Amino acid sequence: MDLFAYDFMIRALIGALVIGLAAPALGIYLVQRRLSLIGDGIGHVALTGVGVGLLLHHSPVISAVIVSAAGAVGIELIRQRGRTSGDLALALLFYGGIAGGVVLVGLSDDSSNANLMQYLFGSLITTSPQDLVVIVVLGVAVLVAMTVFRPALFAVCNDEEYARVSGLPVRTLNLLMAITTAVTVTIAMRTVGLLLVSALMVVPVAAAQQVTHGFRTTMALAMVIGLGAAGAGVAVSAEIDTAPGATTVIIALGAFLAISLGGGVLRALRRRAHQPREVEPPDVVLAAR
């Protein structure tokens with residue numbers, strides 16, 4: 001039986017492919033800034049947005065986008081202006097977001113564990129046509145922003161002080177990155193869930209870094225790996241009846257291990273091929289007296 005003959009599976013595949021492209025395109029900047037875990041923090045805040053949506057009987061995806069974007073901007077402003085360090089601000093984001101989300105979901109009319117689990121661990125097959133429109137529109141917006149502003153964002157991520165001296169709007173670019181991170185986390189919660197969303201941002205980038213050197217090539221390969229992992233995750237999960245989000249992450253981790261091992265073997269072979277051969281010393285001929 002062809003599962004992709006059903007509309008809900010087509011929507012699941014389209015949503016996964018869009019997120020598989022958008023998440024690594026943003027994740028490479030987060031990895032460059034050593035903020036690989038910020039997706040987890042914003043994911044916790046997005047849970048508060050889900051609770052707001054369920055409590056007010058509005059779309060949880062849209063409310064999660066608004067709340068997580070506000071939380072990401074707040075954390076960025078605290079990091080820039082306040083005395084709170086980045087890791088402490090991120091911890092506040094973790095704890096406040098998850099606590100607020102659990103309380104609000106519990107107060108809503110639809111407070112079943114199944115409803116909460118589909119946001120924590122993803123539930124692509126329940127993606128409605130309206131959710132798919134939101135995912136595609138916001139995912140394309142993230143892709144456009146990450147590619148159009150790539151030189152400026154790379155400069156900020158590589159050396160923020162140098163970028164500021166060069167005249168770049170560093171604060172605006174940091175806020176852009178915070179908002180796009182919140183948007184990506186929110187739309188990805190339908191694919192891999194809020195607890196696994198950082199994996200789709202970081203793992204394809206980490207895999208690409210094993211065999212590439214330039215920023216542009218790393219970004220392109222990471223997007224290819226993310227796209228392949230997302231598509232394969234949906235297909236494999238449909239065949240063996242597993243969670244699409246967890247399956248996608250496991251495939252991405254498998255790609256990381258395969259690329260790491262393959263790259264290590266190739267580097268070892270190249271070193272051996274270029275290693276100078278040992279030349280035996282010539283025989284010593286003693287002159288006769």
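Contact here means heavy atoms within 4.5 Å. The structure is a predicted model. Leaving aside its neighbours within four places in sequence, Met146 is in contact with Ala25, Leu26, Tyr29, Leu153, Thr180 and Met219.

**Nonpolar cores**

- The largest nonpolar core has 63 residues. The members that touch the most other members are Tyr29, Ile42, Met146, Met177, Met189, Met201 and Met219.
- Helix 1, which covers residues 7-32, gives this core its largest share, 10 residues.
- Another core, of five residues, lies apart from the largest one. Met9, Ala16, Ala230 and Ala238 are among its members.
- Met146 is one of the residues that touch the most other members of the largest core. Tyr29 and Met219 are also in that group, and both are among the contacts of Met146.

**Thr48 in helix 2**

- Thr48 is part of helix 2, which runs over residues 38-56.
- Is Thr48 buried or exposed? Its relative accessibility is 15%. Buried means under 20% relative accessible area, so Thr48 counts as buried.
- With neighbours within four places in sequence left aside, the contacts of Thr48 are Val67, Gly96, Gly97, Gly100, Gly101 and Leu104.

**Packing of helix 10**

- Helix 10 spans residues 197-209. Its buried residues are Val197, Ser198, Leu200, Met201, Val203, Pro204, Val205, Ala207 and Ala208.
- Which helices do the buried residues of helix 10 pack against? They pack against helix 1, helix 2, helix 9 (170-188), helix 11 and helix 12 (244-274).
- Met201, a buried residue of helix 10, is also named among the residues of the largest core that touch the most other members.

**Aromatic pairs**

- A pair of aromatic rings is described by the distance of the centres and the angle of the planes.
- A search of the whole structure gives two aromatic pairs.
- One of them joins Tyr29 and Phe215, with 5.5 Å centre to centre and 55 degrees between the planes; this pair is tilted. Tyr29 belongs to helix 1 and Phe215 to helix 11 (residues 215-240), so the pair ties together parts that are 186 residues apart in sequence.
- Both Tyr29 and Phe215 are buried. For Phe215, the relative accessibility is 16%.
- Phe154 and Phe215 also form a tilted pair, with 4.7 Å centre to centre and 55 degrees between the planes. Because Phe154 sits in helix 7 (residues 150-158) and Phe215 in helix 11, this pair ties together parts that are 61 residues apart in sequence.
- Phe154 has a relative accessibility of 29% and counts as partly exposed.
- Through these ring pairs, Tyr29, Phe154 and Phe215 are linked into a cluster.

**Salt bridges**

- How many salt bridges are there? The count comes to three.
- Arg33 and Glu160 meet through their side chains in a salt bridge, at 3.3 Å from N to O. This pair links distant parts of the chain, 127 residues apart: Arg33 is in the loop between helix 1 and helix 2, and Glu160 is in helix 8 (residues 160-165).
- Arg33 has a relative accessible area of 16% and is buried. Glu160, at 21%, is partly exposed.
- The side chains of Arg164 and Glu160 form a salt bridge, at 3.4 Å from N to O. Arg164 and Glu160 are four residues apart in helix 8, so about one helical turn separates them.
- A salt bridge also joins the side chains of Arg164 and Glu161, at 3.3 Å from N to O. Because Arg164 and Glu161 are three residues apart in helix 8, they too are separated by about one helical turn.
- Arg164 has a relative accessibility of 41% and counts as partly exposed. Glu161 is exposed, with a relative accessible area of 52%.
- Arg33, Glu160, Glu161 and Arg164 are linked in a network of salt bridges.

Notes
Residues are numbered from 1 along each chain as its sequence is written. This is a predicted model: local features need pLDDT of at least 70, side-chain atom pairs count only at pLDDT 80 or more; totals for chains, interfaces and linings use all residues. Side-chain values use heavy atoms; hydrogens and water are left out. A nonpolar core is a set of buried Ala, Val, Leu, Ile, Met, Phe, Trp, Tyr and Cys residues joined through side-chain atoms within 4.5 Å. Buried means under 20% relative accessible area, exposed over 50%, partly exposed in between (1.4 Å probe, protein chains only). Helices (H or I, at least four residues) and strands (E, at least two) are DSSP runs, numbered from the N terminus. A salt bridge is a side-chain nitrogen of Lys or Arg within 4 Å of a carboxyl oxygen of Asp or Glu. Rings of Phe, Tyr and Trp (its six-membered ring) pair if their centres lie within 6.5 Å; planes under 30 degrees apart count as stacked, over 60 as edge-to-face and the rest as tilted.
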